[in-house]
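Hi everyone, thanks for coming. I'd like to walk you through one model today, so please have a look at the screen.

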Amino acid sequence: MKKYVGQRIKRQEDPRLITGEGRYVDDLEFPGTLYLAILRSTVPHAKLNRVDVSDALKINGVVDVITGLKFKVENRPDNFPMASTELLYVGQPIAAVLSTDRYSAYDALDSIQVDYDVLPSVIDPEESLKDQKRAIEGKSNIAYKKTYSSGNPEEKISSSDVKVEEKIEINRVYPSAMEPRGILSIYQPDLLTIYASTQSPHYMRRYLLDVFGSMVKDIRVVQADVGGAFGSKLFPYAEDYIAVYSSLKTKRPVKWIATRSEDIRTTYHGRGQIHKVKFGVNKDGSLVGINDQLVIDLGAASHGTYLADISATMLPGPYKIKDIVVDVYGVYTNKTPLDQYRGAGRPEATFVIERIMDIAADEIGMDPLELRKKNIVRETPYINPFGLKYDNGDYLNLFEKAEKAFRGLEERESVLRSEGRRVGAGFSFYLEQNNFGPWESASVRVRGDGKVIVIIGASPHGQGTATGIAQIVADELGIDINDVEVVWGDTSLIGEGYGTYGSRSLTLAGNAALIASRKVKDKAIRLAAQFMRSDVQELKYDDGKVINPKSGESMSLREIAAKSMSTLGGTWNYKEEPGLEGTAYFGLDNLTFPYGSHMALVEVREDGLLNVLEYYAIDDIGTVVNPMLAEGQVMGGVLQGYGEATSEEVIYDKEGNLLTGSFAEYGILTAMEAFNIKWEYLEKGKSAAPLPAKGIGEGATIGTPPAVVRATEKALNKRITRLPMRLSSVI
Amino acid sequence: MYPPKLGYVIAENLEEATDFLEKHEDAKALAGGHSLIPMLKLRIIRPSYLVDIRRISNLHFISPGSDEIRIGSLSTHYEISKANIPLLSETATKIADPQVRNMGTIGGVISQLDPSADYPASLIAMDAKVKVKGKTERTVSFKDFAKDMFTPDLNPGELVTEIIVPAFKDYKFSYQKLERKAGDYAIVGVAVLLKTDGESIKDVRIGLTAVNNTAVRATEAENMLKDTRISEEIIEKASAKVMDYANPVSDIRGSAEYKKKVTKVMAKRAILEALKR
Ligand SMILES: Cc1cc2nc3c(=O)[nH]c(=O)nc-3n(C[C@@H](O)[C@H](O)[C@H](O)COP(=O)(O)OP(=O)(O)OC[C@H]3O[C@@H](n4cnc5c(N)ncnc54)[C@H](O)[C@@H]3O)c2cc1C
Ligand SMILES: Cc1cc2nc3c(=O)[nH]c(=O)nc-3n(C[C@H](O)[C@H](O)[C@H](O)COP(=O)(O)OP(=O)(O)OC[C@H]3O[C@@H](n4cnc5c(N)ncnc54)[C@H](O)[C@@H]3O)c2cc1C
């Protein structure tokens, strides 16, 4: 019986957080803590000659100054976590001061002398691709090169009716979590305990042990409350290594909290791709071939290459294109390294393919929705040209529902345009790929008082996943949701786990919790058989109770739990092992592919700003466990995507100085720029999991930019191929 | 964002403050702190002392008179927004966000002289005067006081004590600010004061901020409107003229070309809004 799944249950996480009771890393205090301040490069590229810390060491309060720290970590620069020979970007750590308070720590930074010789810097990724000036001395700028190819696009394009070439740019954004990054590392002999603002404590533990395994037996990582991450807090950073090293070296607690200025300079930026596309379309609307040169602006390290792989393989989107080639180039630049940001590769792919759809329609004079319909995948499962298996769903069905809504927007568009207003309606269809694995863990444990604790290996940080999982477990066990408590984010709670990223937690951790609950039910039956002196075969679990249909006898889960605990100091006289616990690990053998459509009606005002008059989105994410949680993800994602389309952009000058180094410059939007969003969902495309959900964490950041850009393009009657649009240069 | 070490002095009265500031040339007066503290935290400035002037009660007043209104330099943006001063109260409502308006002061704004600050457009349009006190007291026009961006006409040991604006009794007015997003500094700000007689314009003043080093008046545009009958055509022409007074620089808030274009848009909006009053 499903009492909770499918309901708009309020988030259990909220009361504490919205009454100021959250405990973020910087709220945690330990006696004797040293504060870490980091001296950072102020130049984009230089040869580092000498770092003199002697004056800094004289400052009152300063305990130690660390320079030249160097660890081998996969895909990170040679100069990691600190520059020892070469400065590679503005913000790169050079030295670290440990002091008894933050003020003297930052004061001491002023006394460190750095001797360096400026080198030419490489800022523009297309310049970098020419490989003339080097971003990293002695290394080719081309860090990564891969070709994804299927069919014969060259031939198909050359024989097509209309050939188009465009350069599509997706600029860098700063993930802008409300809470900057931070870490507190507490030393005990043999054990470090780390409190971190992270998306994955288990991952962090493994990463750190790789480097510090010879210095400490274990590292326990606890995820404090996290004030947003959006992908940026998945992998440990240079500062995390420096903080951990510092606390091992000094044998004291060490805390590092980024200031906003530091966070903007050093938290991995997102997006940063340029696509030079050539494509061919026939008069009947069929898209016959795509040739894409994808340049990803990796910054000064190579860990972001997988994002280009995702973009390349997802480029075909929900369309039947067979002849396609994507040449991927990952290039170094003297900028902050690039990594994932909500959507991670799929927003880029979707922006490009949706731009192609609209542009193709404009070029042949066809309605862009008709053109999409002409090309849309009509049967699932479907193997795309690069081998991705689109699992299931009825794209056309959702498309047609979306189309109905869109035709309504178009009517309003033409009324408003006839009044002389610059209004446009824009449409996007997206296919998402999520539930990045490989698996997730959960343990369901019934306490003696009948309360149930659920430990998950995922580590949500604002999404409300615990509420969704409580719904699933309460339904499965047939108990009150208030008796279920979901906990997470501590490597000592559960053996292994991955974390929260890639719209995976509810499906993977939720199904692990479901399976673990089933194990608990089995165990409850076996214990009840002992307590009720029945045969296991005679009993069944129903609605929170184990019942014997023949005798009518029953025991609730709570009674079974209580009975298992009855006498302290007594003996255990039953033929069943005590304990009511189940642990399960759940993985899917394919990623999941939810899909949806976004549409916007926008007006370009005379002053160059946008008004969103209407916004509508419809998604199919399989079973929707809690429509309110899902809707919250969509609303946040739409506004985030809108920011990316209109105003968010990390800007460097030609020399590599960061021009958007604070929120006074970086164009993060506010609640005042928000607009109403109408959202609906379908549940046709179910995943292969026992609870057939997919995920909605990132869908809206994927669907929004192409819809907003198309709407603006129509309002202005000018082709737009850039994110953000920089309207001030197009009006 | 941790400021360097500095001394902190609380001044009980004006003399104490000016004396101390004169003796310590690298000390800085602290009013609302909403320009000063961010610069300290970014370590852009390193004063020896902060001299807190917020307790000097005789700098904290707004006194309306029949001809002119005297505004103590410590008046906050919030207080000014509630004081029913033509043009200036409306301008105050458009500065930043409530937190900044509760703390920031008009004396701080004109001593800081950020080229994108809002008040200067209105103050220049109003022919405001600034009273300055150090060893002696003097009164200068705001136009002369604002020598260049970030460069007020203040000698060591001098403080702004009050700002004096004419009452502009029968004037209509509007301040129009274009911002990328709520709480941001202006891309351009246009202040307009108008006196009409039936269908004709008797007097007009147009001030611009954020598109020059300091605020300017668009005098030729004013002349085009003065003593004419209100018409769409003349408003359009005058707004286009206002654009000639904008010499913006390209930055993250937009290209110079864009800023010029929207100066016209905002000028027109300000004139039309003023006329609606
Ligand atoms: C790597 C990464 C990190 C992110 N960091 C943050 C962050 O810091 N803060 C933030 O708010 N967002 C963040 N996001 C944004 C957002 O994408 C998701 O919140 C994130 O993907 C969460 O992953 P998840 O596994 O919980 O997603 P999902 O499993 O998709 O869950 C997201 C939310 O939607 C609900 N939901 C999902 N599927 C269903 C369903 N079928 N029925 C009902 N409800 C459903 C879940 O219960 C949960 O509340 C991040 C995105 C990325 C790519
Ligand atoms: C987030 C944010 C957004 C903002 N947005 C805007 C905006 O949109 N528009 C706008 O106009 N402003 C904006 N500001 C600036 C704000 O209005 C400040 O309050 C103002 O610039 C300075 O006033 P203050 O009282 O805070 O001065 P302080 O910061 O205390 O001082 C500024 C300078 O003036 C000097 N000073 C102060 N008072 C006197 C005096 N009486 N005599 C002589 N010198 C003095 C100080 O020594 C210092 O050099 C913003 C500020 C912030 C933090």
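Let me begin with a term: when I say domain, the bounds come from an automatic or database domain assignment. What you see is a predicted model, where local features need pLDDT of at least 70, side-chain atom pairs count only at pLDDT 80 or more, and totals for chains, interfaces and linings use all residues. Residues are numbered from 1 along each chain as its sequence is written, while chains are lettered from A and ligands numbered from 1 in the order in which they are written.

Chain A, then. The assignment divides chain A into domain 1 (270–435 + 590–729) and domain 2 (437–586). Taken over C-alpha atoms, the centres of domain 1 and domain 2 of chain A are separated by 40 Å. Their contact takes 19 residues from domain 1 of chain A and 17 residues from domain 2 of chain A, where contact means that the C-beta atoms of two residues, placed from the backbone, lie within 7 Å. On the domain 1 side of that contact there are eight nonpolar, nine polar and two charged residues. For these classes, Ala, Val, Leu, Ile, Met, Phe, Trp, Tyr, Cys and Pro count as nonpolar, Asp, Glu, Lys and Arg as charged, and the others, Gly among them, as polar.

Now, why does ligand 1 lie between domain 1 and domain 2 of chain A? Both domains of chain A give residues to the shell around ligand 1, so it lies between them. That shell has 40 residues, and the closest are A:Ala229, A:Gly231, A:Ser505, A:Gly695 and A:Gly697; a residue is near a molecule if its C-beta atom, placed from the backbone, lies within 6 Å of it. Two or more residues each come from α13 (465–477), α14 (505–531) and α16 (627–646) of chain A, and α16(A) gives the most, with four residues. Helices here are DSSP runs of H or I with at least four residues, strands are runs of E with at least two, and both are numbered from the N terminus. By class, the shell around ligand 1 holds 15 nonpolar, 22 polar and three charged residues.

Three bridges join β22(A) to β23(A), residues 545–547, and in β23(A) the bridge partner of A:Tyr541 is A:Val546.

Over to the neighbouring chain. 22 residues of chain A are in contact with 16 residues of chain B. On the chain A side, α3 (102–110) and α8 (260–266) give two or more residues, with the largest share, four residues, coming from α3(A).

Finally, ligand 2. 29 residues surround ligand 2, and the closest are B:Gly32, B:Gly104, B:Gly107, B:Gly108 and B:Ser111. The largest share of this shell, five residues, comes from α6(B). The shell around ligand 2 divides into 15 nonpolar, eleven polar and three charged residues, and it draws at least three residues from each of domain 1 (7–52) and domain 2 (57–165) of chain B.

Thanks, and I'm happy to chat.

Terms used:
Pairing = 2+ DSSP bridges.
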